[in-house]
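I opened my notebook for this one and jotted down what I looked up, in the order I got to it. Have the viewer open as you read along.

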Amino acid sequence: MSAAGGFPTPPRGAADAELERRYRRLLRLYSREFQARRGTEVLGVLMASARDGQTRPALGDAADIVRGSLLMRLRGPRGGWASALALFALIAPLFLVLTDILQVTVPAEWARAPGLAERFHLQVTVPAGWALAPGRVERLHAGGTQLLSHPGFLVLVGGHVIVAAAVFAGLRRTALAALLVAAVVDFGHWAHLTSFNVLGPGLTVVLLTGAVFLLEVFALAVADPRAARRLVTGRHAVTVLLLAAAVQAWSFAADASAESPRSPANAYLVTGFILAAIALALPLVLGLGWRFSLLSAAVCYPCALGVAFIYMPPLLIVPTKVALYLPPLLVACWSAAWTVRGAVTRRGGAPG
Amino acid sequence: MQETTFLILTALAEGPQHGYGIIQDVGRISDSRVTLRAGTLYGALERLDDDGLIGVDREEIVDRRLRRYYRLTDEGSARLAEEAGRLQTSAAIALRRLGAPRPGLAGGAA
């Protein structure tokens, strides 16, 4: 390992040593991976460009490093969409399993609020039916560990665990099959809960959240999650844990405020958008790149969408619908387009 | 293609160069109009490497500092040639329209 720390410092006098120390500090703005790979090289270039006796980084060079490191962090890890999608394919099932675990660890008295039946359908990969005919759902009034005795919940969790295990084992086809089966089972469960009123007013939502489900399918179809196992870092784990916690906390807050007769319906919309913004910002802050950030927002956005639908039917006038539908719809269309293009390019033969 | 990218590829078109060499060469090629700095250079090198347009040629230790030499890949050469041709065509049209009353004079026959 030729890490940045092992690089010998040329004995060139105090001024150079001072300048080098300052440049090294600036280079810490780059990701650790980049520093290990190119740190000494960039330092060499910076030192070569320096004047004799210079002790402080030139302002232009310093600004350029700040800008360059920021852009590189926004760009995220190497490999572009292929690695972002592979990571997404690996992480998304983990997000679902974590959400399930959080769901069970919640005290039962918290979960007595209405909406629990809907809530465990908000868990993204298998969302096919949850928004059908809001308001017609039989309330389950079960929560916490009580959920474990509910067959619907167990089927849902089982599906998520199988998908996650298959993805981590690198069994792409098994994961795809489990994903499809879980979606069908969940949809059937929902259809049963809604007395088979599957063409109710929530059909558009079904299509849209189905788009996110498709995003995982596309990711699995295009990118190999086995490749992502090498790329996945602690920061990905932190992101997925925080997002799952945020989604759960938010949905409980939504339930709690639904209990109070004077809860402002707008609050769901606002907090839903805040949640989506967090999902967008968190991966960026952690340097996972804008592509991964877009995918993570695509996962969390439908949760906002879902609760908004369940609790605020009166608000569903046309502009609200457009605001809710447009971003996930764009992501879905774009990912479909990208998938097709990627397939075409790969057929033509990718470089190196 | 951005001008910086074009200049870096042009710098590598003559043969492999290391980072500082590219900076100096880009200064020469652009007649000192473009000052390439390390942050910009390495952002571009990362992107070009990801896109398969350049690759690492060799590494040397000079003056106890690591020097990594980069070279154009075949795809990089092709892309640069394509871009240069495009720029030449546009420039020829611009010059012809500016300098000659009738088309076809400045560009020469065929």
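**Notes on the interface**

I began with the contact between the two chains: chain B and chain A bury about 2,400 Å² between them, and carbon and sulfur atoms give 48% of that area. I keep in mind that this is a predicted model.

Next I looked up who takes part. Chain B brings 22 residues to the contact and chain A brings 32 residues.

Then I turned to charges. How many salt bridges does the rule find across the interface of chain B and chain A? I noted 6. I looked up the pair Arg37(A) and Glu46(B), a salt bridge with its closest N and O atoms 2.8 Å apart. For polar contacts between chain B and chain A, my entry reads 12 residue pairs, with both residues at pLDDT 80 or more.

Which elements of chain B give two or more residues to the side that touches chain A? I wrote down helix H2 (19-29), helix H3 (38-50) and strand S3 (65-72). H3(B) gives the most, with 10 residues. Sorting that side of chain B by class, I got 11 charged, 7 nonpolar and 4 polar residues.

**Notes on strand S3 of chain B**

I found 6 of its 8 residues buried, so S3(B) is largely enclosed by the rest of the structure.

I then checked its strand partners. Strand S2 (residues 54-62) of chain B pairs with S3(B) in the antiparallel sense, over 8 bridges. In this pairing I looked up Val62(B), whose bridge partner in S3(B) is Arg65(B). The hairpin of S2(B) and S3(B) has 2 residues between the strands, and Asp63(B) takes a positive phi near 55° there.

Strand S1 (residues 17-18) of chain B also runs antiparallel to S3(B), joined to it by 2 bridges. Here I noted that Gln17(B) has Tyr70(B) as its bridge partner in S3(B).

**Notes on chain A**

Last, I turned to the partner chain.

Chain A has 352 residues, and 50% of them count as buried. I also looked at how far apart in sequence its contacts reach: among those between residues at least 6 apart, 81% join residues at least 24 apart.

Notes: Residues are numbered from 1 along each chain as its sequence is written. Chains are lettered from A and ligands numbered from 1 in the order in which they are written. This is a predicted model: local features need pLDDT of at least 70, side-chain atom pairs count only at pLDDT 80 or more; totals for chains, interfaces and linings use all residues. Side-chain values use heavy atoms; hydrogens and water are left out. Contact means heavy atoms within 4.5 Å. Buried area is the accessible area (1.4 Å probe) that two parts lose on being put together, summed over both. A salt bridge is a side-chain nitrogen of Lys or Arg within 4 Å of a carboxyl oxygen of Asp or Glu. A polar contact is a pair of N or O atoms within 3.5 Å; within protein, one must be able to donate a hydrogen and the other to accept it, and residues adjacent in sequence count only if both atoms are side-chain atoms. Helices (H or I, at least four residues) and strands (E, at least two) are DSSP runs, numbered from the N terminus. Ala, Val, Leu, Ile, Met, Phe, Trp, Tyr, Cys and Pro count as nonpolar, Asp, Glu, Lys and Arg as charged, and the others, Gly among them, as polar. Buried means under 20% relative accessible area, exposed over 50%, partly exposed in between (1.4 Å probe, protein chains only). Two strands pair if DSSP finds at least two bridges between them.
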